[in-house]
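Subject: Structure handover

Hello,

Here is the structure you asked about. Please open it first, then read my notes below.

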Amino acid sequence: MSSFGFSVLFVVFFVLTMVLRTWLAARHIRHIARHRASVPAEFAPKVPLAAHQKAADYTVAKTRLGLVGMLWGGAVLIGFTLLGGLQLLSLALLPLTGPGLWHQLALVVAFGVISSLLDLPLDWYRQFVLEQRFGFNKMTPGLWFTDLIKSSIVGAVIGLPLLWVVLTLMDKSGDLWWFYTWLVWSGFQLLMIAIYPSVIAPMFNKFTPLEDASLKQRIESLMARVGFASRGLFVMDGSKRSAHGNAYFSGFGRAKRIVFFDTLLSRLEPQEIEAVLAHELGHFKLRHIVKRVAVMFAMSLAFLALLGYLKGQAWFYTGLGVLPFMNASNDGMALVLFVLVLPVFTFPLAPLSSITSRKHEFEADAFAARHTDGRHLVSALVKMYEDNASTLTPDPLHSAFYDSHPPASVRVKHLTLAGA
């Protein structure tokens, strides 16, 4: 392929993706606005009109902000690629590092820092304007800044050695570097799954053992019925950052732990908490987690193999506004370009991943209904939709592209038909 041909292909997919995302957002906003005046019949007895309208307004505001973020991200993408931003950054770093591994490492790090800085204004607006307006923000600017510093330090401590290993493999391990890198990446992902609950998460939140003896007994009885062993039941102080609530389990093997947001415990009844947890345990017992990890590993292998081909093609660089080095490494540049342009080409395939994810959600709901009273899961879901201001009337096509969970009405209908 010629560099001009790849440039044209990239621009075509870029425009198509931007148009598609804009059209989906516009559909979503119109669909929600049309249904704002009344609560869907199946939710009318349980959800007040004011809560339904708050969810509609919140979703529309998030979608509009998402459009702004998409346009900003698109401008940054074009600036880095076709307008020569990455080329200028590479040339600016060259006198400081010289060509080779250290230059490529510095290029990736500088790109990551600049990208993060460019995202900060929208992140700040999302937290302290949008979330604040709808009553969800509990963070102070000081906590927000502290989280930013902590995440940056953790990212550097973990990410820099990994990046150095990857770039070294790309440069030194021959044509099969992508396979060796995949082995390293897969091992790294498994390590993160293992250490995140006990090492990384406590850096940002406080986890305390569940003290409610009655609720603890109910949950332990559920775990015994379904055959799930955990290292502990914990409550996370999610309320110091947000009014949103959730529950999850993390880790694997003997390191599995169940975590409840304190906001969730304050809102749901014990039998509803049990039903929500039964849904989460369904994902584990039905091996959804294993399947998702396997798919993630397979996709990462395919993408690394593709990068293994692209990094040796001059048109991949020149078609995206970069002049590659002829007698030095271009590995860091290849990584950055690949990360930048891959979403442009893969976005139209987003519904494919949603199909599998939604199938898993239906299966986990059915599992919960078998091991608890499905009516309690329905009532818990309704409360969670209301408390999180999740719209009850999403546009079906927008939802198919963006939502890993089925729409509320479809999910409740499935549970009702199953006898909930």
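What share of the contacts in the protein with a separation of 6 or more comes from residues 24 or more positions apart? The figure is 76%. Keep in mind that this is a predicted model.

**The whole chain**

The protein has 16 helices and 4 strands. The C-alpha trace spans about 70 × 50 × 40 Å along its principal axes. Of the 420 residues, 45% count as buried. The exposed surface comes to about 20700 Å², and carbon and sulfur atoms supply 67% of it. There are 37 positive and 26 negative charges. Their mean positions are 2 Å apart.

**What the record says**

Residues 65–89 are 84% helix and 0% strand, with end C-alpha atoms 29 Å apart. Residues 332–350 are 84% helix and 0% strand too, and their end C-alpha atoms lie 27 Å apart.

**Glycine 84**

Glycine 84 is in the loop between α2 (49–80) and α3 (85–97). Is glycine 84 buried or exposed? Its relative accessibility is 12%, so it counts as buried; the cut-off for buried is under 20%. Leaving aside neighbours within four places in sequence, glycine 84 is in contact with Gly79 and Gly321. Glycine 84 and glycine 332 are 248 residues apart along the chain. Their C-alpha atoms are separated by 16 Å.

Valine 276 sits in helix α9, residues 270–285. It counts as buried, because its relative accessibility is 5%. Which residues does valine 276 contact, leaving aside neighbours within four places in sequence? They are Ala247, Leu268, Leu377, Ala380 and Met384. Take Ala247 from that list. It is 29 residues from valine 276 along the chain, yet the two C-alpha atoms are separated by 7.6 Å.

Aspartate 365 is in helix α13, residues 350–371. At 3% relative accessibility, it counts as buried. Not counting residues up to four places away in sequence, aspartate 365 touches His279, Leu377, Arg411 and Leu415. Look for Leu377 on screen: valine 276 contacts it, and aspartate 365 touches it.

**Two positive phi angles**

Two loop residues deserve a look. Arginine 287 is not a glycine, yet it has a positive phi of about 65 degrees. It lies in the loop between α9 and α10 (288–310). Arginine 287 is exposed, because its relative accessible area is 52% and the cut-off for exposed is over 50%.

Alanine 389 also has a positive phi, near 55 degrees, and is a residue other than glycine. Its place is in the loop between α14 (374–387) and α15 (396–402). Alanine 389 is buried, with a relative accessible area of 1%.

Best wishes

How values were computed: Residues are numbered from 1 along each chain as its sequence is written. This is a predicted model: local features need pLDDT of at least 70, side-chain atom pairs count only at pLDDT 80 or more; totals for chains, interfaces and linings use all residues. Side-chain values use heavy atoms; hydrogens and water are left out. Buried means under 20% relative accessible area, exposed over 50%, partly exposed in between (1.4 Å probe, protein chains only). Contact means heavy atoms within 4.5 Å. Accessible areas come from the Shrake-Rupley method with a 1.4 Å probe; for residues, only the protein chains shown count as cover. Lys and Arg count as positive and Asp and Glu as negative; His and the chain ends are not counted. The place of a charge is taken as NZ of Lys, CZ of Arg, CG of Asp or CD of Glu.
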